[in-house]
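Dear colleague,

I am passing on a structure that I would like you to look at when you have the time. My notes on it come after the file.

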Amino acid sequence: MIFYVFLDGVGITNYDPNTNPFSRYAKGFLAPLGGISKEDLDLPIAASNIHYLKTDAHMGVPGLPQSATGQTALWTGIPGPKVLGRHVSGFPTITLRKIIAKYSMIKVLNENGILSDFLNCFSPPYLKHVEEKPKLVSASTLVQLASGRPLKNFEDLRGERGLYMDLTHEIMGTLGIDMLKSGDPLLEKRDPYLLGTKCFQRFSHYQLTLYEYFLTDKVGHAMDWEKAEKVIHNLELFFKGLLTTMDPKKDLLIVSSDHGNMEDLSQKNHTENPAATILYGKDADRFAENIHSLADIVPEVYKTFGLEEALHNTHTNEFLMETN
């Protein structure tokens with residue numbers, strides 16, 4: 001199984017506890033993002049087997065990397081910035097939506113008999129927003145919708161068929177959602193470590209799952225050191241749980257980001273730093289050797305499943321050819 005975790009707005013840079021919260025707070029899985037040596041990590045496995053890659057988010061296009069184009073590359077294998085000739089923030093443009101509709105990784109995998117799914121579970125207000133304003137939704141939402149599989153809801157969350165966006169459910173109680181009453185089990189705080197220990201078993205019927213965590217980007221824009229510490233703490237517990245229970249001979253953990261941001265809290269914008277990619281498990285060495293930009297992850301996924309036609313299509317699609 002491939003467990004693909006997306007951390008929004010996380011780059012890799014040098015050790016600097018005055019600007020980089022990963023340098024100051026991370027002790028385990030995420031510490032190398034702050035320039036800390038792998039030999040000093042608090043992990044349940046040998047850190048030497050984990051790959052930390054500085055990944056090109058520009059893809060040949062100058063300017064600050066942005067979410068819509070970067071995420072399109074991460075989940076289709078098509079370099080969004082190169083197609084458009086610019087970086088696009090926020091919601092995908094018409095062209096990006098067309099790319100995702102045709103080349104969504106989840107769509108392609110399922111069409112080829114590789115059961116794949118987007119694990120995030122959404123509130124009723126967000127699901128209503130998707131129906132009413134489909135042009136104002138994120139790339140990850142479009143990647144799932146393109147596959148024909150439904151977005152997961154709170155009933156899926158109750159049935160442990162997905163994950164919530166902050167892992168712990170702490171934010172849920174602040175949203176003012178009418179359907180959530182005092183005493184609702186969804187409001188109970190989750191232990192991110194225990195949650196991580198259950199994922200590979202809970203979702204074992206899938207061959208690939210995608211999970212999006214975007215609080216990292218929000219923390220970066222807010223320049224919030226206190227929330228950065230909490231986010232890093234929760235994420236490292238979650239990853240520790242994943243590493244404790246996964247079988248590296250048959251499972252692969254991919255952690256990726258679309259651009260830098262949270263690794264520099266001295267300013268509120270995205271950064272020019274390379275985006276973070278972390279790999280551990282089956283085929284991690286091959287992935288690490290061949291991943292140079294955000295657009296290189298999906299082709300390696302297709303290689304894992306022997307999808308040569310899909311791999312060919314990422315290099316010969318009409319959108320990219322129009323730019324050459």
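Below are notes on pockets and on helix packing.

The model is a predicted one, in which local features need pLDDT of at least 70 and side-chain atom pairs count only at pLDDT 80 or more, while totals for chains, interfaces and linings use all residues. Residues are numbered from 1 along each chain as its sequence is written, and side-chain values use heavy atoms, with hydrogens and water left out.

**Pockets**

A pocket here is an open set of points on a 1 Å grid over the protein atoms alone, where a 1.4 Å probe fits and protein lies on both sides within 12 Å along at least five of seven lines; lining residues have an atom within 4 Å of a point. Volume is the space filled by probe spheres set on the points, which are joined across faces, edges and corners.

The largest pocket holds about 700 Å³ of space, and among its 29 lining residues Y126, S138, E212, F214 and K218 lie nearest its centre. At least two lining residues come from each of α2 (67-76), α6 (124-132), α7 (139-146) and α10 (215-222), where helices are DSSP runs (H or I, at least four residues) numbered from the N terminus. By class, this lining has 13 nonpolar, twelve polar and four charged residues, with Ala, Val, Leu, Ile, Met, Phe, Trp, Tyr, Cys and Pro counted as nonpolar, Asp, Glu, Lys and Arg as charged, and the others, Gly among them, as polar.

The second largest pocket, with about 320 Å³ of space, is lined by 15 residues, of which I171, L215, K227, K230 and V231 lie nearest its centre. Two or more of its lining residues come from each of α10 and α11 (225-245), and α11 gives the most, with five residues. Its lining divides into six nonpolar, two polar and seven charged residues.

**Helix packing**

For the helix pairs, axes are lines fitted to C-alpha atoms over the stretch in contact, and angles run from 0 to 180 degrees between N-to-C directions; contact means heavy atoms within 4.5 Å.

Helix α10, which also contributes to both pockets, packs against α11 at an angle of about 160°, with the axes 9 Å apart. The crossing of α10 and α11 is left-handed, that is, the near helix is turned anticlockwise from the far one by less than a right angle, whereas clockwise would be right-handed. In this contact L215, T216 and V219 of α10 meet K227, A228, V231 and L235 of α11.

Helix α11 also packs against α9 (residues 192-202), where the axes come within 7 Å and cross at roughly 35°, in a right-handed crossing. The residues in contact include Y193 and F200 of α9 and F238 and L242 of α11, and the contact divides into eight nonpolar, six polar and one charged.

Finally, α2 and α4 (residues 94-103) pack at about 15° with their axes 10 Å apart, which makes α2 roughly parallel to α4. Their crossing is left-handed, and A68, T69, T72, W75 and T76 of α2 meet L96, I99, I100 and Y103 of α4.

With best wishes

Conventions. Angles under 35 degrees count as roughly parallel, over 145 as roughly antiparallel, 65 to 115 as roughly perpendicular and the rest as oblique.
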